[in-house]
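Trainee: I am new to this structure. Please take me through one part of it closely, step by step.

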Amino acid sequence: MKNLILNKNVKFSTTAVVVLTGVCVLISVFAIINVVNAGNFEVSVMETGGRMACESMPPFSNIGSNYFTYTVSVVNNSSEGYRIAIAAFHSDKAGCGAFDGAAGSGWSIVSGKQNYLPGESGTLVLRYKVDTYNCGRTQYDAGYRPFGADMSESTVFIADVVNYGEDCNYNPPVNPQPTCSITANPTSIIQGNYSTLNWSSNNATSCTASDGWGGSKSLSGTQSVAPVGDATYTLTCSGAGGSVTCSTAIDVTPVVIPDPTCSITANPSSITEGNYSTLSWTSNNATSCYASNAWYGTKSLSGSQSVSPTNDSTYTLVCSNGYNSTTCSATIDVSTVHNAPNLRIEKLVRNVTNSNPNFYETVSADLGDELEFLIRVYSIGTGTAYNVRVKDLLPTGLTYVSGTTTID
């Protein structure tokens, strides 16, 4: 291929090979050797990828990016302003020449200045996406043209040709951009309640959820959700024409959950061994109750139960609402019944001289006073006591009055 001279001695040479996802693509490229010098308007270019001669059109062999990126440095020392001119021409015959085919797309400006007035300089980063099309050939041109000039008067500094190797009858295939829509009904709920998500998509082959939910989703559908706090539900749907994202939000009003309470009593709280007491309990703001200590198992939120403990026992109840819990308890004292003989003795005294008819544990007495003692013997067991002997010793200083002892 001969060197190409375009508008004011712009000099070019050649090419690179890349691969798209699953598609082999041959790219023939015109690229500036060093500097484009159009009078006092200078452009220097650094591009990605290797270069080979356009006419050699080598067999596809290496793997590269599906983008070509160019960093363009500009100095405008001329007397007129210049602006960037980028174009893509798509047809089955495009290649190795300017403006060959129907106008297309694929260029994007990444960063930097696009227009340069006299005396200005700067840097511009350009790139084009070579998988914008998948048939025929596409020629990508880029250059600067004076303000007021048309594309044909551009100082061209890059002209890349992508050969897709498949005839598309001069018409590039159109893959429509996917669309998606998602709504929540209702959009505001009280914590613990549900909202229903409804979504649909067009021109998509897959949808994926993120943020408040996750995983793959059908192309359209509904789903009930119960977020515990404010949540956003995002859906990304993809197809041949690209991907699109839609989302909806649900506002959640927190629920103030009161602490649970419980109360338990035993009636009576003291029993003799073998008898019964009734436990009665209630709770508030609870969803479950569980017994421990002297009893066990799940209990109703309120109720009663007869118990007959054999010794002193504490009955504990723990009630919860799933967030907080509380504990209450009741104790039953148990008097043990003795099954063997068991005696108890009680001794009281009164002053007969003072004519006091009542007996006491202690009394006052003067010399010569007559005292009378009352001795009681109790059997507090259930068995029979045989051969019981009771002996009482008078305190020192007292004299027994003969014949005064009586037994009832």
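This is a predicted model: local features need pLDDT of at least 70, side-chain atom pairs count only at pLDDT 80 or more; totals for chains, interfaces and linings use all residues.

Take Trp213 and Tyr233. Their ring centres are 5.9 Å apart, and their planes stand at 80 degrees. An angle over 60 degrees counts as edge-to-face, so this pair is edge-to-face. The two residues come from distant parts of the chain, 20 residues apart. Trp213 is in the loop between strand E17 (206-211) and strand E18 (215-217). Tyr233 is in strand E20 (residues 231-239). Buried means under 20% relative accessible area. Trp213 has 9%, so Trp213 is buried. Tyr233 has 3%, so Tyr233 is buried.

Now look at Trp295 and Tyr315. This aromatic pair is edge-to-face, with 5.9 Å centre to centre and 80 degrees between the planes. Trp295 lies in the loop between strand E25 (288-293) and strand E26 (297-299), and Tyr315 lies in strand E28 (residues 313-320), so the pair ties together parts 20 residues apart in sequence. Trp295 is buried at 4% relative accessible area. Tyr315 is buried at 4%.

The charged end of Lys113 sits over the ring of Tyr116, 5.2 Å from the ring centre. Lys113 also forms a salt bridge with Glu120, at 3.6 Å from N to O. Lys113 is partly exposed at 32% relative accessibility. Glu120 is partly exposed at 27%. In another place, Arg344 lies over the face of Tyr378, 4.4 Å from the ring centre.

Next, strand E30. The count of salt bridges comes to four. One of them joins Asp392 and Lys347, at 2.7 Å from N to O. This bridge links distant parts of the chain, 45 residues apart: Lys347 is in strand E30, and Asp392 is in the segment after E31. Asp392 is partly exposed, with 34% relative accessibility. Lys347 is partly exposed, with 34%.

Another salt bridge joins Arg350 and Glu372, whose closest N and O atoms are 2.7 Å apart. Arg350 is in strand E30 and Glu372 in strand E31, 22 residues apart. Arg350 has a relative accessible area of 18%, so Arg350 is buried. Glu372 has 32%, so Glu372 is partly exposed.

E31 gives the most, with three residues. The patch has about 810 Å² of accessible area together, and its members include Leu343, Phe373, Val388 and Tyr400. Leu343 is partly exposed at 39% relative accessible area.

End with Val401, in the segment after E31. Val401 is partly exposed, at 45% relative accessibility. Val401 and Leu371 are 30 residues apart in sequence, yet 9.8 Å apart in space, C-alpha to C-alpha.

Methods: Residues are numbered from 1 along each chain as its sequence is written. Side-chain values use heavy atoms; hydrogens and water are left out. Patches are made of residues with over 30% relative accessible area and no salt bridge: like charges are joined within 9 Å, nonpolar side chains (Val, Leu, Ile, Met, Phe, Trp, Tyr) within 5 Å. Accessible areas come from the Shrake-Rupley method with a 1.4 Å probe; for residues, only the protein chains shown count as cover. A salt bridge is a side-chain nitrogen of Lys or Arg within 4 Å of a carboxyl oxygen of Asp or Glu. Helices (H or I, at least four residues) and strands (E, at least two) are DSSP runs, numbered from the N terminus. Buried means under 20% relative accessible area, exposed over 50%, partly exposed in between (1.4 Å probe, protein chains only). Rings of Phe, Tyr and Trp (its six-membered ring) pair if their centres lie within 6.5 Å; planes under 30 degrees apart count as stacked, over 60 as edge-to-face and the rest as tilted. A charge sits over a ring if NZ of Lys or CZ of Arg is within 6 Å of the ring centre and within 35 degrees of the ring normal.
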